[in-house]
Amino acid sequence: MSRPVSLAVLLLLGTGPGCSAPAPAPAPTPPPAAPARSSARTAWVHPRAPHGLPLTEAPAHVLPHPEGAAALGLPFRGNVARIAVRPGQRVRKGEVLVELLMPEVVRAAGDYEAATLRREAWQRRATQLEALQAQGMARVFELTEAQAQLAEARAQQQSARALLKAAGVEGAEAAGVAQRGTVPLRSPVEGLVTAVDAVLGESRETGSAPLVRISGEGPARIEARLSRAFPAEASFEFLVPGQAPLPVRLVDRAPSVDGRDGTTAAWFEPEPARALPSGLQGTVRVGADGLPRVKVVPARALVLEGDVVSVLVREGEGHRRERVRVLGQSGADALVDGALAETDEVAADAARLLPAGVGEGS
């Protein structure tokens, strides 16, 4: 016989009189579907001319002019007798910088003067004998001896002149050098004295450090390292901090590429030509203001498919692909070369109009 179940137990179990069955749990709500990509949210912009935007910038420096620097050393052993300049002093070409006691050069100056005197004397004697021989009043061997002595004097003069030339002394200065006993070292260029390494009475050997260094100025040439070739109509500027941009023209580019960084050397000259300090550091900016085919579009407007870069140009209710060549990028803008007009409309964000899997950006 079963035991009676109390009403309280039935109420606890929810099966007693007046109790309904529990409601089933609600089914989970599915997540909302992702909204379809719509071209209505894509902005259309006009390509614009690249006013003031550079294609690229590259470090550059001013090369020394062939006559833009000089270092005066001793061609022969000597002692410093006089110092005529100091650092920071501007000198002219041919101005005396230092005077030295150089025995070899002074001896050569004396030999040159002596040989010059003998040559002149034998030249007069040979001229007289030639006139007398024409009249039958001079013997042949006398004229021959005079001519031999004249040739020997010329040889001695040429030998002494060569040594003087090596010391920077002209033949016309030989008499003064022989008389004073000192040899002047003259500036081969016009410029600014940057260093003087000499002490009065100091003895210097051949090949020692230069006594005086001079920094000159001449028509400047600028060297830069560029990573790509640019159209011939591109404009170039040399920029130095604190100075106005200097227009320059491209002289030439190296035919080979540096394997270390993939750049090539390019050389520029100011236009019009002007002098710049040797070693001046700056930047060469490549501009696109003179390139009618170059336009500026948003960087996100570029579509990369394989090795082809294009932009989407609005055409009626749809669009077409227009192939371009990327020349550079400045922030969120890209400079491209292509058949784009400023009246065209380009998709500012090409990804919004492309099917999944098509690349964007360049």
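Here are some notes on this predicted model, taken element by element.

1. Let's begin with helix 2 (103-134). This helix has 32 residues and reaches 46 Å from its first C-alpha to its last, close to the 46 Å expected at 1.5 Å a residue. Its buried residues are Val 105, Ala 108, Ala 109, Tyr 112, Ala 115, Thr 116, Ala 126 and Leu 129. The cover over these buried residues includes helix 3, helix 4 and strand 7. After helix 2 comes Gly 136, with a positive phi near 75°.

2. Helix 3 (residues 140-166) can be checked in a similar way. With 27 residues at 1.5 Å each, helix 3 should span 39 Å, and its end C-alpha atoms are 40 Å apart, so the two values agree. Helix 3 is followed by Gly 168, which has a positive phi near 80°.

3. The buried residues of helix 3 deserve a look on your display: they are Leu 143, Ala 146, Leu 150, Ala 153, Gln 157, Ala 160 and Leu 164. In an α-helix there are 3.6 residues a turn, so residues three or four places apart point the same way. The partners that the buried residues of helix 3 pack against are helix 2 (103-134) and helix 4 (174-180).

4. Now for the nonpolar cores. The largest one holds 29 residues, and those with the most contacts inside it are Leu 97, Leu 100, Val 105, Leu 164, Leu 211, Val 212 and Ile 214. Two or more residues each come from strand 3 (69-72), strand 6 (96-101), helix 2, helix 3, helix 4, strand 7 (183-186) and strand 10 (212-216). Helix 2 gives the largest share of this core, 4 residues. Another core, of 27 residues, lies apart from it and includes Ala 60, Leu 226, Phe 238 and Ala 266.

5. Leu 211 is one of the residues with the most contacts inside the largest nonpolar core. Not counting residues up to four places away in sequence, Leu 211 touches Leu 72, Gly 73, Leu 74, Val 98, Leu 100, Leu 185, Ala 195, Val 196, Asp 197, Ala 198 and Arg 204.

6. Ser 187 sits in the loop between strand 7 and strand 8 (191-196). Is this serine buried or exposed? Its relative accessibility is 2%, so Ser 187 counts as buried, the limit being under 20%. Beyond its neighbours within four places in sequence, Ser 187 is in contact with Val 91, Arg 92, Lys 93, Gly 94, Glu 95, Leu 97 and Ile 214.

7. His 319 belongs to strand 19 (residues 318-330). This histidine has 33% relative accessibility and therefore counts as partly exposed. Setting aside neighbours within four places in sequence, its contacts are Trp 44, Leu 312, Val 313, Arg 314 and Leu 353. The C-alpha atoms of His 319 and Val 346 are separated by 8.8 Å, with the two residues 27 residues apart along the chain.

8. A search of the whole structure turns up 1 cavity of 30 Å³ or more, and the largest cavity contains about 40 Å³ of space. Its lining consists of Leu 63, Pro 64, His 65, Gly 68, Gly 216, Glu 217, Gly 218, Pro 219, Ala 220, Leu 276 and Ser 278. Sorted by class, that lining has 5 nonpolar, 5 polar and 1 charged residues.

Notes:
Residues numbered from 1 in each chain as written. Predicted model: local features only at pLDDT ≥ 70, side-chain atom pairs only at ≥ 80, totals over all residues. Heavy atoms only, no water. 1 Å grid on protein atoms, 1.4 Å probe; cavity = no way out; pocket = protein on both sides within 12 Å on 5 of 7 lines; lining within 4 Å. Points joined across faces, edges and corners; volume = space filled by probe spheres on them. Nonpolar A, V, L, I, M, F, W, Y, C, P; charged D, E, K, R; others polar. Expected span 1.5 Å × (residues − 1). Buried < 20%, exposed > 50% of the residue type's maximum accessible area, 1.4 Å probe, protein only. Contact = heavy atoms within 4.5 Å. Core = buried A, V, L, I, M, F, W, Y, C linked by side-chain atoms within 4.5 Å.
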